[in-house]
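Please load the structure in a viewer and keep the selection panel at hand. The stops below proceed from one selection to the next.

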Amino acid sequence: MIKVTFTPSKYDLAIEGHAGCGKKGQDIVCSAASILFYTYGQSLSESKDMLEGDMEFTDKDGEGHYACTPKKEYLSY
């Protein structure tokens, strides 16, 4: 199972686990989750002017994490 956690106030996205729908490296559900995760990170990196400080990023087998703090004027809550 893939677990995704998002905290809007920190633009914090964590993903962990595997879908288990296919062999490692051939699981299309994990592939879809991964591409969405990396697309989110690319969007953040292209919007650095909206962030306070640097973006944190970790990636290892079955786990990924992005964390950064948006400038106050970009908070949506």
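**A tour of the sheet and its pockets**

Begin with the hairpin of β3 and β4: two residues lie between the strands, and G62 adopts a positive phi near 80 degrees. The model is predicted, with local features requiring pLDDT of at least 70 and side-chain atom pairs pLDDT 80 or more, while totals for chains, interfaces and linings use all residues. Residues are numbered from 1 along each chain as its sequence is written, and side-chain values use heavy atoms, without hydrogens and water. Helices (H or I, at least four residues) and strands (E, at least two) are DSSP runs numbered from the N terminus.

Next, select residues 51-60 and 63-70, which are β3 and β4; these strands pair in the antiparallel sense over seven bridges. Pairing requires that DSSP find at least two bridges between two strands. Within this pair, E52 stands opposite T69 of β4.

Now display the whole sheet. It is open, consists of four strands in the order β1-β2-β4-β3, and has antiparallel pairing. Because β1 (2-7) and β3 each have a single partner strand, they stand at the edges, and one side of each is left without a neighbour in the sheet. From one strand to the next, the twist averages 5 degrees (axes are lines fitted to C-alpha atoms, and angles run from 0 to 180 degrees between N-to-C directions).

Move to β1 and β2, an antiparallel pair joined by six bridges. Here V4 has I15 in β2 as its bridge partner.

Then select G17, C30, S34, G62 and E63, which lie nearest the centre of the largest pocket among its 17 lining residues. The elements giving two or more residues to this lining are β2 (12-17), α1 (28-45), β3 and β4. α1 gives the most, with six residues. A pocket is an open set of points on a 1 Å grid over the protein atoms alone, where a 1.4 Å probe fits, with protein on both sides within 12 Å along at least five of seven lines; lining residues have an atom within 4 Å of a point. The volume of the largest pocket is about 230 Å³, volume being the space filled by probe spheres set on points joined across faces, edges and corners. Its lining divides into six nonpolar, six polar and five charged residues (Ala, Val, Leu, Ile, Met, Phe, Trp, Tyr, Cys and Pro count as nonpolar, Asp, Glu, Lys and Arg as charged, and the others, Gly among them, as polar).

Finally, select the lining of the second largest pocket, including H18, K23, D27, C30 and D61. This pocket has a volume of about 160 Å³, and its lining comprises one nonpolar, six polar and four charged residues.
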